Amino acid sequence: MKAPAQLALDLGHRPAMGADDFLVASGNEAAVAWLDAWPGWPGPALVVHGPAGCGKTHLAQVWRARTQAPLATAADLTAEAVPRLLAASAAVAVDDADLVAGEPARERALFHLYNLARETGGWLLLTAAEPPARWGLRLPDLRSRLLAAPAVAVTPPDDALLAAVLVKLFADRQLKVGAEVVDYLATRMERSFEAARTLVADLDAAALATRRSITPRLAREVLARHQGEEVQ
C-alpha cells in the first residue's frame with residue numbers, strides 16, 4: 001500500500017541574510033565594493049540595480065546591518081514619512097525604488113528624501129530593476145539627481161555561484177543533498193536567485209509530502225514541473 005502524502009506546512013522559513021552568508025562573485029563584486037566603500041561615497045545616494053532574485057535585497061540587508069538603516073519600499077514614500085525615515089539613523093534603504101516612477105507624490109517624496117539626506121549628511125541605498133535612466137521619472141529635479149548618483153549592476157549568477165547559492169539555501173533549511181543534485185539543478189534551472197529560492201522551497205515541500213529524500217530523481221521531477229515539462 002502506498003503511504004499517504006504528508007501535509008507540507010509553510011512555517012515561514014526565513015533565509016540567512018547576514019554578511020557571512022553573502023557569496024561574492026563576478027556578478028556582484030562591483031556592488032559589494034561600493035557598499036564596502038561607504039561612507040566614502042561621492043554623494044548621498046547609491047543605486048544597485050539588477051533582475052529579480054539577483055541578490056539586491058541581501059546586499060541591502062548587509063548594508064543595513066552596518067548602518068542601522070530602516071528599510072522602505074516605494075509604497076512607503078510619502079511626504080509625512082520622509083523625516084521619520086532618517087530620524088533614527090542617518091541612512092535609509094529603499095527597495096524597488098524604481099516603482100516611484102509615474103507616481104507624482106512618491107517621486108516628490110523620494111526627491112525630498114534625497115535632499116534631506118544631502119543636507120543632513122545622510123545616505124540612501126536604492127535598489128531597482130533598472131538604472132535610473134530607464135525608470136521613466138517625470139520629476140526633472142529627481143531625475144537629474146539620480147542620474148548623477150553612482151549606479152552599479154548586479155547580474156544573474158553563473159553556474160558556480162548558482163551552485164553555491166543552492167548549497168546555502170539547502171543549508172538554510174537544514175536539508176542534506178548530494179553534489180549530484182546541486183550540479184543537476186545548477187546547470188539546468190533558470191539563472192536567478194529567485195528561481196533558486198523557489199526551487200529549493202518546492203523540493204523541500206515535495207520531499208516532505210512524499211516522504212522521500214532529495215535525490216536526482218526528485219530534483220528532475222520538481223524541475224520539470226517548474227519548466228512545464230513531462231517527467232521522463
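Predicted model: local features only at pLDDT ≥ 70, side-chain atom pairs only at ≥ 80, totals over all residues.

Me: In what order do the five strands lie in the open sheet?
Reply: Helices (H or I, at least four residues) and strands (E, at least two) are DSSP runs, numbered from the N terminus. The edge strands are E2 (71-73) and E5 (151-153), each pairing on one side only. The pairing is parallel, and the order is E2-E3-E4-E1-E5.

Me: What angle does the direction of helix H4 make with that of E4?
Reply: Helix H4 (residues 104-120) packs on the sheet and touches E1, E3 (91-95) and E4 (123-128). A contact here means heavy atoms within 4.5 Å. Axes are lines fitted to C-alpha atoms, for helices over the stretch in contact, and angles run from 0 to 180 degrees between N-to-C directions. For H4 and E4 the angle is about 145 degrees.

Me: How many helices and strands does the protein have?
Reply: From the N terminus on, the elements run α-β-α-β-α-β-α-β-α-β-α-α-α-α. That gives nine helices and five strands.

Me: Is Ser 144 buried or partly exposed?
Reply: Ser 144 lies in helix H5 (residues 140-148). Its side chain reaches the backbone oxygen of Asp 141 at 2.9 Å. Buried means under 20% relative accessible area, exposed over 50%, and partly exposed in between (1.4 Å probe, protein chains only). Because its relative accessible area is 40%, Ser 144 is partly exposed.

Me: What percentage of the 232 residues is buried?
Reply: The protein exposes about 12000 Å², and carbon and sulfur atoms supply 53% of that area. Accessible areas come from the Shrake-Rupley method with a 1.4 Å probe; for residues, only the protein chains shown count as cover. Buried residues make up 44%.

Me: Which residue forms a salt bridge with Lys 168?
Reply: A salt bridge is a side-chain nitrogen of Lys or Arg within 4 Å of a carboxyl oxygen of Asp or Glu. Lys 168 is buried, at 16% relative accessible area. The closest N and O atoms are 2.9 Å apart, and the partner is Asp 172.

Me: Which residues are linked with Glu 221 in a network of salt bridges?
Reply: Glu 221 counts as buried because its relative accessibility is 14%. Glu 221 meets Arg 217 in a salt bridge at 3.0 Å, N to O, and meets Arg 212 at 3.1 Å. In helix H9 (residues 216-226), Glu 221 and Arg 217 are four residues apart, so about one helical turn separates them. The residues linked with Glu 221 are Arg 212 and Arg 217.

Key: Residues numbered from 1 in each chain as written. Heavy atoms only, no water. Pairing = 2+ DSSP bridges. Polar contact = N/O pair within 3.5 Å; in protein donor to acceptor, adjacent residues only side chain to side chain.
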